[in-house]
Amino acid sequence: RGKEMSGTECYLQGVIHDATWGPAILQKMKGICVSFQVPFSYRETVYKNNSPGVVQNELRVRLDLLSEKNKKWTLRSTSVPSVKAKLPASARIVVDVKVSDNVTQFLELTGFKYDYDYVCEGTESVANIGDRRYVITISKLSKSSENRAEGEDVLHPGYSLVEITTTSSSDEDLNKAADEINSVAEFFGPIDLAKVNVASIKASKLPIPSAKQSQGAVKKKKKKK
């Protein structure tokens, strides 16, 4: 087992039409980010264990596709996203552990079974605002090479998933982190970054709203104000 990294993440997500909003969000990010558009690419394989008495029934194995010589493997555990009505952002507990390339065999021996996998490619930018560090990713999901069919590479072509995350130091700090991340998200308006319920993401059914749905969410938000 390698080094562990854990914490409670506070996050907001949204979808942009690349041609319409891609240049605009990048221009805004340039003004606040200390690290800008660092590329990433990984294949994430989800394993599940439905055996009775198993508390953590889903684990994710990430393989860094940009590491050439020494492949980097990470085992990730995430809690079911919290979407409490009073919390203005989604929250999840994340634990990342660096592992070796035999992690899949280990999981299978301990009762976990392959569920699905996908490839995530995009860029990561970092902004330091106040006392918090915000990570902004713009990415696309596609079928992994094993499941890829011609003409079906990228899911939802022409659109990208935008996610902004920060971490809270304690349960007491979670509400403050949620309020502050919303303040940062307003900077990217009219692009709508909001809390979403993503208890389960299937590579074949990525829950990305259409452009009309996204515009409707923005209009509803304005009416409430």
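Here is a short tour, from the whole chain down to a few residues.

## What you are looking at

This is a predicted model, where local features need pLDDT of at least 70 and side-chain atom pairs count only at pLDDT 80 or more, while totals for chains, interfaces and linings use all residues. Residues are numbered from 1 along each chain as its sequence is written, and side-chain values use heavy atoms, with hydrogens and water left out.

## The overall layout

The protein chain has four helices and eight strands. Both are DSSP runs numbered from the N terminus: helices are H or I with at least four residues, and strands are E with at least two. Follow the sequence and you get the pattern β-α-β-β-β-β-α-β-β-β-α-α.

Of the 225 residues in the protein chain, 40% are buried. Buried means under 20% relative accessible area, exposed means over 50%, and partly exposed is in between (1.4 Å probe, protein chains only). The protein chain's accessible surface is about 13,400 Å², and carbon and sulfur atoms hold 52% of that. These areas come from the Shrake-Rupley method with a 1.4 Å probe, and for residues only the protein chains shown count as cover.

A contact means heavy atoms within 4.5 Å. Among contacts in the protein chain with a separation of 6 or more, 68% link residues 24 or more positions apart.

Thr165 sits in strand S8, residues 159–168. With a relative accessible area of 11%, Thr165 counts as buried. Leaving aside residues up to four places away in sequence, Thr165 touches Glu9, Cys10, Tyr11, Arg92, Arg133, Tyr134, Val135 and Ile181.

Now hop over to Asn50, in the loop between strand S2 (35–48) and strand S3 (58–64). Asn50 has a relative accessible area of 67%, so it is exposed. Asn50 and Lys113 are 63 residues apart along the chain, yet their C-alpha atoms are separated by 8.8 Å.

Most residues other than glycine have a negative phi, and most peptide bonds are trans. Against that background, Gln37 has a positive phi, near 50°, and is not a glycine. You'll find Gln37 in strand S2, and at 30% relative accessibility Gln37 is partly exposed.

The other spot is the peptide bond from Gly189 to Pro190, which is cis, with omega near 5°. Pro190 belongs to the loop between helix H3 (171–186) and helix H4 (211–224).
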